[in-house]
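Have a look at the model first.

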Amino acid sequence: MLKLIFIGVRGFLLNDTTPAIALKTVVDTKMLNSNKPMALQLRKFLSCFTLVSLIFSSCTLFAETPALAEAGMSIETIKKAVVQIKVYSQSNDPYSPWLSGNVTSATGTGFLIGKNRILTNAHVVSNAKFIEAQRNKQTEWYELKTVYIAHDCDLAILEAKSGSFYDDNYEFSFGDIPELGTPIDIVGYPIGGSKISISRGIVSRIEQSTYAHSQVDSHLVIQVDAAINPGNSGGPALQNGKVVGVAFQAATKGENIGYIIPTNVISHFLKDSEDGKYDGYVELGVHVQSSYSLSHRKFRKIPEDAEGVFITNVLRGGAGEGYLYPGDLLLSIDGMPIGKNGTVAYNSESRVDFIEIVDNKFAGEQIKFELIRDGKRLNVSFPAKRMEDLDYMRSSYDRPYPYFIFAGLVFQPLNRDLLEAWARVGQTQGGSQFLYRFQNFPEIKENQKEDVVLYRKLSHPINSALDYYINMTVSEVNGKKISNLNEMIRLLQNSKSKYVRISFLDLPLPLILNLEDTLKADEEIRNAYNLTETNK
């Protein structure tokens, strides 16, 4: 999401939270070997993507906390509502998308919230092939199914297939966002033991921050100093006997710095799903800059008493397109004054980024701004909307990676997962164009729905002299511009010419292939590399 000013500020540099995934490899799959010349620039760029989804195991049970006693809630009641989840998952390899990845198992936590629904994190059940769960004192594991999953806010709803799973249960209700400095209890099945665990901490910060699961979206988070360890993911954070958040990630630096998803994000997810379909968050789609600079304010004819933030760019596809413009000073949103640092008053104790107000809206709801444009005060109002380009930039789950192999050349839409895998195997020479276009795609795209890249080859005599084109972005096939991989495949498969011309951005000479020789080579490549299918 364009929270915290999207790419320009925090859309890519994902603080220091990390998914500490406790995984066990069940089945190993052979992978094709790759060369290892690693580009330092890309490794540094992608190292900030290593955020750990907190899929966790188990620990010991602490004594009943005073907060729970005051709320009239016993440990035995909590046990009836908290669920241990075991997941068997398998993802494809983005660098070799025709291969399946390893089958792994991991455990996390969930809890009952009514209507036989189990709330947990999306990262706990992403790429799942089989999910099972067990409640306290149950002796068997029950199969679960995923009802709704929201990768942009890292939440999911599960349901047991057997009604007996819910016998003698308790369903949590939700409370308000807790105040700073108040105690909070984190419940779950983290590493360290096999029984339910309760750890106590203090609410130490409330702010917008990047969610590790998608590596793009930012929403409100609550920082706590309670231990959140592998296995806690998806577990409830309790205050006065009510759920005030869901444990989901922890900091890699420092000690006992954990984060929970607050109830306003949970409520947004649950309300969005009420119609039987999860649509996702809306996006304002702007970059902004603080208004502290006196020279900037004078140049823009801004009164001394006016606060707010300047718009520096409006992205295509965002809700603000056509309504907001670079140079506008945003004074207020929905009647709430915006500070020079871009924050609005959240409560008597804290402030949050003004994008949080947009974050809480649904598609079609009005966003109202008071602003100064060219020295004049204006009021603008427009509907909130989703921004499809962010789907392209998120980490991908629960679906295969599309690809196309032609003359042993592997073409694939550029995505975050491919960049990470590409860096790990070291095939990064000349890839600065990849990085630039991916990071700035919403701003520089023309008619592209996605960038198609030639990122590797399966060596064969037909492509032995084509290394010059590796790590380049496709622009045209036989003189016709392409906007996505499907268009490229259609043009190649329907080509009647003796020669096929594939043009690339910033390269004056196209790649030329003899069509008849290519079709023969494809069969040889399929056999040589033991490919059951070469295109998808």
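What volume does the second largest pocket have? About 680 Å³, where a pocket is an open set of 1 Å grid points with protein on both sides within 12 Å along at least five of seven lines, for a 1.4 Å probe. The volume is the space filled by probe spheres set on the points, which are joined across faces, edges and corners.

This is a predicted model, with local features needing pLDDT of at least 70 and side-chain atom pairs 80 or more, while totals for linings use all residues. Numbering runs from 1 along each chain, and side-chain values use heavy atoms, without hydrogens or water.

The pocket's lining has 27 residues, with D391, Y392, R394, S396 and R399 nearest its centre. Strand 7 (142-150), helix 9 (389-393) and helix 13 (485-493) each give two or more residues to this lining. By class, it splits into eleven nonpolar, seven polar and nine charged residues. Because domain 1 (73-277) and domain 3 (402-529) both contribute lining residues, the pocket lies between them.

Now for S293, in the loop between strand 15 (286-290) and helix 7 (294-299).

| Partner of the S293 side chain | Distance |
|---|---|
| S295 side chain | 3.2 Å |

Terms used: On a 1 Å grid over the protein atoms alone, a cavity is a set of points where a 1.4 Å probe fits but cannot get out, and a pocket is an open set with protein on both sides within 12 Å along at least five of seven lines; lining residues have an atom within 4 Å of a point. Helices (H or I, at least four residues) and strands (E, at least two) are DSSP runs, numbered from the N terminus. Ala, Val, Leu, Ile, Met, Phe, Trp, Tyr, Cys and Pro count as nonpolar, Asp, Glu, Lys and Arg as charged, and the others, Gly among them, as polar. Domain bounds come from an automatic or database domain assignment. A polar contact is a pair of N or O atoms within 3.5 Å; within protein, one must be able to donate a hydrogen and the other to accept it, and residues adjacent in sequence count only if both atoms are side-chain atoms.
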